[in-house]
Amino acid sequence: MRSQGQVRFIRVSSRLQVAAAALVAVALLVWVAIMGFALVQQAMALRQKSVLNAREAAVARSENRVQKYRKDLSGVEADLQRRQDFIEKTVEGAIGDLPSAPAQADGSDAADASALKKISMVMPEAAPLARMEARQIAFVERLTAYADQRSEKAETAIRRVGLNPSLILASEQSDAAKGGPLELLTTGANGQVDPRFARLGASLAKMDALEQGLAGIPNTLPSNLAAISSSFGYRRDPFTGAASFHPGIDFPGPTGSPIFAAAEGKVVWAGPRSGYGNCVEIDHGNGLKTRYGHMSRVEAHVGEMVKAGAEIGKIGSTGRSTGPHLHFEVRIHDRPVNPRPFLEASSSVSEEASAGSAAGSNG
């Protein structure tokens, strides 16, 4: 410091500096601890309040259910029949034969279990209906979990080949070109649907859409030939020697060797095509198509529905070709993509697809 022409120095020792820094750090830690404790206390209070509200709601539901049984036993029986109809119409079409219903309502929530137990005690004549309702609720919850598990497996297999399951769901859930007679599903006399039953219906619809999409993903090798003479992407053109883009994979083999559909779908082209010679194109839905070129013979027909592994033609050298081989393409929204990830994942995709629909044998 400069004062009256004199300069004075104030020196702070390193020990004093460390002590001051430690004091500040301790104060900061104490403040953080206090704030953290306050936040934890607030979270615990909110959780306790939520638990209390849930218990009150459960008690109210239990009492309401008991009152409904006492007031209108025949109405309860009619509701249960409507629920059973909902289960049968919703589940049988998606899964097939209904699995056996569980003997106890282990899957139902605490409010339902409490209400149904109380009904059986105070109204012995309603005990059979209460047990039926308990089995239905447990059955619906287990089926919902089962459908969700199958959906997760299908999503995993779809992502494995680089596709987005959300796009498949969006395509399936679109309202374009849909219709039919109106057959409402209800679980109560008021025309509404129990949320648990609605959740089951949504889970089954999602499972069905994903498995249908999975079945349309190439999961079968289009040829029993292992060698590849030309890969996807850049190459030297075999005729001109110039740089060119190859939109598929070539499998060389003897003329007359079988060619197989890589997935189930609808044949949308069967015949000569510029550059491809004799060609077959199959639409697998969701913008996904496969194309097979240079055939010596076409055995598929436009409009025909084919399964994965179905023979659709024979290897040849028609069109722009230097020798007998199969030219195989995978196209998404008419844009060629590398078929290799589909072929490499064929065994795993086929395994997942078989959970929902039958697939042909690998070629």
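**A walk through the predicted chain**

Of the 363 residues of the protein chain, 37% count as buried, where buried means under 20% relative accessible area, exposed over 50%, and partly exposed in between (1.4 Å probe, protein chains only). This is a predicted model, in which local features need pLDDT of at least 70, side-chain atom pairs count only at pLDDT 80 or more, and totals for chains, interfaces and linings use all residues. Residues are numbered from 1 along each chain as its sequence is written, and side-chain values use heavy atoms, with hydrogens and water left out.

The secondary structure of the protein chain comes to eight helices and 13 strands, taken as DSSP runs numbered from the N terminus (helices H or I, at least four residues; strands E, at least two).

Helix H4 covers residues 127–160, and its 34 residues should span 50 Å at 1.5 Å a residue, which agrees with the 50 Å between its end C-alpha atoms; the expected span is 1.5 Å times one less than the number of residues. Just after H4, Gly162 takes a positive phi of about 85°.

Asn286 sits in the loop between strand E8 (277–283) and strand E9 (288–298), and counts as partly exposed because its relative accessibility is 28%. His333 lies in the loop between strand E12 (325–332) and strand E13 (335–337), and is exposed, with a relative accessible area of 64%.
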